[in-house]
Amino acid sequence: MTRKHTVQKIQQNTFYTHDNLYILSGLNSGLVDLIYLDPPFNSKRMYSASAGSKAAGVSFKDMWTWKDVDEFFLDTLAAEYPELTKYLAAVSGIHGKAMTAYLTYMAQRIIEMHRVLKDTGSLYLHCDPTASHYLKSLLDGIFGKNNFRNEIIWCYTGPGSPGMRQFNRKSDNIFWYSKGKQWTFNKDAVRLPYKDGKVHSGGFTEKDGSRLDPQQYSAGKIPENWWTDIAVAARSKYERTGYPTQKPLALLKRIILASSNEGDIVMDPFCGGATTCVAAQQLGRKWIGIDIENQAVDILIERLSGDAGIFKDFIAADIIPKRTDIKEEKPSESVKQRLHKEQNGKCNACGRDFEIWDFELDHIIPKAKGGGDYYENYQLLCPSCSSIKGDRTMEYIRMRHAAAEALMKNKIIFGE
């Protein structure tokens, strides 16, 4: 493994330890062939790895408040997905603020995932019934409802509580969306043997009325969208790391085989126990893993050394990558002139008219939060608004203006 601060690089497998929103925002558009994500489920629980396991010391909370939402990206969400913003607001009245905060957190990241996918790429989102119905609507709003391919139900067995008052919950939901009208599906790579080894006897016909050849079914059947043949990772002493919510290699291998080809780039933005990276490497794919926990790198090293056969070096990066697919423009008078014309000579916060020399050039998303020197990330603010905003969000400055307007409307004078 090589630890380094890195710029955009896809020649080598890369593991980022940082907030995935900022990493995603720094990756090029159309970079990735397949994304699998197993994010928190909003289960309102704390998860900790078992003592003495490979992942000992790892813990994370699955409880959500507005503190978990990145305010710097809220303006992008509201501007580019106004209907989705209305949907998120409506959820609050049905399910409460915690669910809205969780879904907003997810929406910000899924928008970026959609951008970094190739036009022929696919996304598989792994969840459970806690928020699956809300997440599907979210995915419909970002990917488009016509790009929904499958809802896969992964079924598994396990003990239940002696005092149970309902059926044992032993299934997860996996939503598969393609980015566009063309996608990868390697059906022959994921065929399963027929029950009792019997080959399909035929009985179906071609469009011209001729009977299908039963021999074409000899390789097995294409799996249904309910998967009952894959056990949880905790059942395998060779796989389990003790990492909470670890998923089995067989599950990831089926997804990777079905929706990517050798040499493709597979990404997992909630990498955790590193199962996606291991499966991708075993299957000859390149991979990008992201996790906010530094300890995830150590888990990956151990798993690659053991599970993936021959260990291959990879890059571990802890800073935000820089996009190379959009033109970088340093602050300049030329940039100010273009913005002054686009903004009609008005401050982008208070809306008042100013001469061009009175304006200050501002990064909408500060560089410290992943915002780059790109034209799309610049705006002109008057000196007063620029001072108020500082490195805060545009939402903050709008709230300040709204509060001041409300005070004046009610004839409340400051200082009295």
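**Figure 1. Strand S8 and its partner strands in the predicted model.** Ser122 stands opposite Ser178 of strand S8. The structure shown here and in the other figures is a predicted model. Strand S6, residues 117-127, pairs with S8 in the antiparallel sense, and six bridges join the two. Strand S7, which covers residues 148-155, also runs antiparallel to S8 and is joined to it by seven bridges. Within S8, Phe175 is the bridge partner of Glu151. Strand S8 itself spans residues 171-178 and is mostly covered, as seven of its eight residues are buried.

**Figure 2. Strand S14 and its pairing with strand S13.** Strand S13 (residues 360-363) and S14 run antiparallel and are joined by four bridges. Gln379 in S14 is the bridge partner of Asp362. Which residues cover the two faces of S14? On one side of this strand, residues 378-381, lie Tyr378 and Leu380, and on the other lie Gln379 and Leu381.

Figure 3. Two helices, H2 (74-80) and H4 (97-116), each supply at least two residues of the lining. Helix H2 provides the largest share, with five residues. Sorted by class, the lining of the second largest pocket holds twelve charged, eleven nonpolar and seven polar residues.

Figure 4. Arg115 and Glu112 form a salt bridge in which the closest N and O atoms are 2.9 Å apart. Both residues belong to helix H4 and lie three residues apart, about one turn of the helix.

Figure 5. The side chains of Lys136 and Asp140 meet in a salt bridge, with an N to O distance of 3.4 Å. Lys136 and Asp140 are separated by about one helical turn, because they are four residues apart in helix H5, residues 132-143. Lys136, at 22% relative accessibility, counts as partly exposed. Asp140 is likewise partly exposed, with a relative accessible area of 22%.

**Figure 6. A salt bridge between distant parts of the chain.** Asp373 forms a salt bridge with Lys330, and the closest N and O atoms of the pair are 3.2 Å apart. The two residues are 43 residues apart and link distant parts of the chain. Asp373 lies in the loop between S13 and S14, whereas Lys330 lies in the loop between strand S12 (315-317) and helix H9 (333-342). Asp373 counts as buried, because its relative accessibility is 4%. The pair also belongs to a network of salt bridges that links Lys322, Glu328, Lys330 and Asp373.

**Figure 7. Two residues with a positive phi angle.** Ala274 has a phi near 70 degrees, a positive value in a residue other than glycine. Ala274 is found in the loop between strand S10 (265-268) and helix H7 (275-282). With a relative accessible area of 0%, Ala274 is buried. Asn344 is not a glycine either, yet it has a positive phi of about 55 degrees. Its place is in the loop between H9 and S13. Asn344 has a relative accessible area of 60% and is therefore exposed.

**Figure 8. Ser25 in helix H1.** Ser25 is located in helix H1, residues 20-25. Where does a polar atom of the Ser25 side chain find the backbone oxygen of Tyr22? The two atoms lie 2.7 Å apart. Ser25 is buried, because its relative accessible area is 13% and a residue counts as buried under 20%.

Notes
Residues are numbered from 1 along each chain as its sequence is written. This is a predicted model: local features need pLDDT of at least 70, side-chain atom pairs count only at pLDDT 80 or more; totals for chains, interfaces and linings use all residues. Side-chain values use heavy atoms; hydrogens and water are left out. Ala, Val, Leu, Ile, Met, Phe, Trp, Tyr, Cys and Pro count as nonpolar, Asp, Glu, Lys and Arg as charged, and the others, Gly among them, as polar. Buried means under 20% relative accessible area, exposed over 50%, partly exposed in between (1.4 Å probe, protein chains only). Two strands pair if DSSP finds at least two bridges between them. A polar contact is a pair of N or O atoms within 3.5 Å; within protein, one must be able to donate a hydrogen and the other to accept it, and residues adjacent in sequence count only if both atoms are side-chain atoms. A salt bridge is a side-chain nitrogen of Lys or Arg within 4 Å of a carboxyl oxygen of Asp or Glu.
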